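Here's a quick briefing to read with the model open beside you.

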Amino acid sequence: MSTQPTEAISSNAYRLLWAGFTAILAAGVGFAIRGGILDNWAGEYGFTNSQLGAIGGAGFTGFCFGIIIGGVIVDKIGYGWLVVAAFVFHVASAIVTFMPTPDMAQGTVYAFLFWGTFLFAIANGTLEAVANPLVATLFPTKRTHYLNILHASWPAGLVLGSAMGWVLDDRVGMHWKFQLALFLLPTIVYGLMFFGQKFPKSEASESGLSLGEMLREVGIFGGAVACFFLALFFAGVLGPIFPDAQTGNYVGYAIGGVLLIAVGILTNFSLGSWLIFVLFITHALVGAVELGTDGWIQNITGNILSSEQGKWLFVYTSTIMFLLRFCADFIEKKLGLSPIGILLVCSILACVGLNLASGITTFAGALVALGVYAVGKTFFWPTMLAVIGDRFPRTGAVAMSIMGGIGMMSAGLIGSAGLGYAKDRYAGETLKVADVQVYEEYKADSTSQFLFFGEVTGLDGQKFEEIKKLPEAERSEAEKLVVESSITGDRKTLVADSFIPGTMAVIYLLLFFYFKSIGGYKTVHLAGTKAEEIDKNDVVIPAHES
């Protein structure tokens, strides 16, 4: 057996890597511009933070459908057809999102923005169903390194989108529709880069494993995590259809239950791997704290400091992520940290960074606090995908795609929506305690609700944005109190958010000790894998379970 494995297994591996890079770049550009125009939507249509959070959340939940469905079928239909589907969804999302007009009812505008964002997310998820297993297959001995390079495109897109938003929104005053259309440029580029390329097959596909065999290690436990988030999604979407929202919840959970039974039938009711179950739950936390926070961080820091400074800080943290994701191989090989060790250190830094960010009062202080947070969140997503790819080759693209879907679904249903709810709750409570009369004047017309938490009433987004447009010296005492209450709400929201990476740190610490007890973290390959793709320290297992 060779002890000098090659990095890439095909001659076009690097073109496919950079094509995937550009595809995720398009998603990052669109995501960043959306984050920067939330205040435009609030001011133009009067949305509450919870409504904006729900629209932003659609940018994650739709991703789940794209990546899970794509991950299930990619080994059967091939990567090329999924790239075509993603391109079509990206174009369709632009058409739907650009439909709102100033004279439309708020509910109609909300529907267009929600479903346009949802289609955009489906396109992004479909692309990741291609890119993640593709890169994991192309570079079998350096998955952590190359998956981090692939996902360096996400913060690169955030930097480009935020920079364009800063210039075109704050400086030029360009309408939000023209800003958002810019994501179509990298969309065209990735389509051309993928065109006409030959794609490899995963180890599982090469071994002839059926879908049921690929799903077996996911099993009932792993499927339960995915079906729980799908149930939450359907409950939220179907709730408004029924006179009683509780009926929508029942229908949503019924759909989740049916899907879980389907997983059981496909896997011959295998319980699955306990490690996959833990990784799925942990990745739900990753999605909530990384992407959920990314969706609101410009809004939060822009409110505490200024809108322009919020955009600069977002560019700053995204640049840190972009640069560091090229260093994963150095950290793993030169510093001796396993993927689990990297995740443990990052979760601690993310927790500390969010707590520091809650107390910022100056731009310089924000650079330090958000710099710590940025370093912490850098390696979460791609390294978690690498762990699945390293440890569970029998699952092919399926487990990796399901885990990515769980992360995105959590980002939308837990992270983005939860932070919107927290902002409404803490800002409303703070203002109500400070002055009930002012609260009654500036509270939103609709209430906010999140999971099992009680209903709260936040601030009216339209009235708040009108106050923010006034120079500070021209604001009345009541208006100053509204702004101060909103800032206090944002600080409390960041503290609450920090509990998520704190929980992740505990999980990673336990996994660190687990791998240490079994001889360390090692990559697993299926029997029949080419010798040049296997490192001397890797483990080889039979392709088919006995």
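What follows is a short tour of ring pairs and pocket linings.

Keep in mind that this is a predicted model. It holds 23 aromatic pairs, and its largest pocket takes up about 1300 Å³.

**Aromatic contacts**
- Tyrosine 14 and tyrosine 146 pair up edge-to-face, at 6.3 Å centre to centre with 65° between the planes.
- That pair links distant parts of the chain, 132 residues apart: tyrosine 14 sits in helix H1 (residues 13-36) and tyrosine 146 in helix H6 (residues 143-150).
- Tyrosine 14 is partly exposed at 38% relative accessible area, while tyrosine 146 is buried at 7%.
- Phenylalanine 233 and phenylalanine 234 have ring centres 5.4 Å apart and planes at 70°, so this pair is edge-to-face too.
- Phenylalanine 233 is buried, with a relative accessible area of 6%.
- Both Phe233 and Phe234 belong to one aromatic cluster with Tyr45, Phe47, Tyr110, Phe114, Trp115 and Phe118.
- Arginine 34 lies over the face of phenylalanine 120, 4.6 Å from the ring centre.

**Largest pocket**
- Of its 33 lining residues, Ala54, Ala235, Gly236, Val237 and Gln449 are the closest to the centre.
- Elements that each supply at least two lining residues include helix H12 (219-238) and strand E1 (448-450).
- The lining has 20 nonpolar, 13 polar and no charged residues.

**Second largest pocket**
- This one has a volume of about 880 Å³.
- Asp39, Asn303, Phe464, Glu465 and Lys468 are the closest to its centre, out of 39 lining residues.
- Its lining has 12 nonpolar, 14 polar and 13 charged residues.

Methods
Residues numbered from 1 in each chain as written. Predicted model: local features only at pLDDT ≥ 70, side-chain atom pairs only at ≥ 80, totals over all residues. Heavy atoms only, no water. Phe/Tyr/Trp six-rings, centres within 6.5 Å; stacked < 30°, edge-to-face > 60°. Helix = DSSP H or I, 4+ residues; strand = E, 2+ residues; numbered from the N terminus. Buried < 20%, exposed > 50% of the residue type's maximum accessible area, 1.4 Å probe, protein only. Lys NZ or Arg CZ within 6 Å of the ring centre and 35° of its normal. 1 Å grid on protein atoms, 1.4 Å probe; cavity = no way out; pocket = protein on both sides within 12 Å on 5 of 7 lines; lining within 4 Å. Points joined across faces, edges and corners; volume = space filled by probe spheres on them. Nonpolar A, V, L, I, M, F, W, Y, C, P; charged D, E, K, R; others polar.
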